[in-house]
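Thanks for making time this morning.

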Amino acid sequence: MNIIEKIRSSETMLTPFMSAARLNAVAAVRTRTRGYRGWTGAVNTEYDPLDRATAAQPFGAYRDLHRSGRVHYNPRRSTWILSRHEDVRAALRDTDAVTSTEGVTRMKISGPVLVLTDGAEHARLRKQVQPGFSKGAMAGWQEMTDKLAAELVSDVLANPGCDVVQRLTIPMPMRMIAHILGIPDADVTQFRTWSEAGMHIVDFEPTRHGVVRSVKAVASLAQLQRYFMRQFASGGLKSSDTVLGRLLAHADDGSLTDSQLFYIAMLLLIAGNETTTNLLGGMFDTLARNPDQYELIRANPDLVPMAVEEHLRISTPIQNLYRYTRMDYQVGDVTIPRGSRILLSFAAANRDPLVFADPDEFRADRNPRNHIAFGYGAHMCVGAPLARMEAQAVLRELITRVATIAPAGEPTWSTNTSLRGPTHLPIRLTPS
Ligand code: HEM
């Protein structure tokens, strides 16, 4: 019995979870021995989303993917890759075949949380969270968003050459989330410290520094939990103008417990902070490198919402997420076997030349309505209205008060394999 037959014969005895992992192993072995091209029509690729240099500057790799075929397979990573706009959207729509329930990252993980459920369970959890981001909620938070944007842009103006990541793109979403949760002013600094440390729970690195960071993250989340429970006990964080208060008011049977409310708050913190930071950072970088487009927006302030959509398309703060196949899944002529790991490249899809002309160019007036920076289908981003509101407020503030945006040094980019944005971005603003 050869190794493939051995793995196959053991599959029947395994749980679905384990068999999924085995099928990836079968795929890897088969590919090493025979290559996938002959077997299914997929194109083998060396594009490696885990490679740090590629993660920091991935756009050449996306162009190669688009040029070389429709479905790719990286044998070293046992990962299938979809990069076309049409294919990524179709996979996101087909949650029966291409599921989130085994994880949306490279590491398999499951649990009763919004992002890791499908079908009825997902609909139930989504209904709990959605009312927090209604039009009414957004209208209530507009004033604070504008105030924060004005304050932080003033700070960057007053410090020419400063790192806009530290001055604006990190504090803006963090302070907004503190505001919508109703954290009292006196506690905001402490809340930010715990939150910033706690967020590293999702980006474990197997280095000494990474382990220390993860230990700190766990401790900070425990502090946050104690803080929330103390607040809840004294009636805090649940008033009608806070996000959790809104969720309570809309809960069908008033059944949200304090623990559930805490986990929802953590979900919002994790899902909403670094993503928005990356969008804002990408926006400063793009505007600094495209002064003609900045001029265009300044001359036509009505372009602000459209320009933010184009920033979302071209920067795509979540570059990719994973899914796992529950059954054989057909893409064109290629059959991706049941139990495979698929990387859905939102960022490559947002630069698909079949959909966006000159996709690597930033055009403030492009109006890329069908970009998928917020995902697509059932799991489409709940916090999109908030992220848009923040980016639009900052851009409006810039075009009103700033004549030019110029780079003031070399930026550095995150090397995280999924979330991408500048980690250091020196910028000089000239007042108008
Ligand atoms: C520019 C900023 C943001 C980007 C690019 C972004 C992107 C995304 C994407 C691509 C998904 C889909 C995940 C999937 O298909 O598995 C998603 C889901 C989600 N986002 Fe965002 N997001 C942003 C901001 C926010 C904010 C501000 C919040 C909340 C405060 C938020 C909360 C969520 C939640 C709760 C989900 C899960 C929805 C579900 O599984 O049904 N996001 N986001």
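The lining of the second largest pocket divides into 8 nonpolar, 6 polar and 6 charged residues, where Ala, Val, Leu, Ile, Met, Phe, Trp, Tyr, Cys and Pro count as nonpolar, Asp, Glu, Lys and Arg as charged, and the others, Gly among them, as polar. Please keep in mind that this is a predicted model, in which local features need pLDDT of at least 70 and side-chain atom pairs count only at pLDDT 80 or more, while totals for chains, interfaces and linings use all residues. Residues are numbered from 1 along each chain as its sequence is written, and side-chain values use heavy atoms, with hydrogens and water left out.

On a 1 Å grid over the protein atoms alone, a pocket is an open set of points with protein on both sides within 12 Å along at least five of seven lines, a cavity is a set where a 1.4 Å probe fits but cannot get out, and lining residues have an atom within 4 Å of a point. Grid points are joined across faces, edges and corners, and a volume is the space filled by probe spheres set on the points.

How do those two helices meet? The axes of α14 (residues 258-289) and α16 (residues 304-315) come within 9 Å and cross at roughly 100°, which makes α14 roughly perpendicular to α16, a label covering 65 to 115 degrees, with angles under 35 counted as roughly parallel, over 145 as roughly antiparallel and the rest as oblique. Axes are lines fitted to C-alpha atoms, for helices over the stretch in contact, with angles from 0 to 180 degrees between N-to-C directions; helices (H or I, at least four residues) and strands (E, at least two) are DSSP runs numbered from the N terminus. Leu279, Gly282, Met283, Thr286 and Leu287 of α14 meet His311, Leu312, Ile314 and Ser315 of α16, contact meaning heavy atoms within 4.5 Å.

The structure also holds 1 cavity of 30 Å³ or more.

Finally, an open sheet of 6 strands has mixed pairing and the order β1-β2-β3-β8-β5-β4, where two strands pair if DSSP finds at least two bridges between them.
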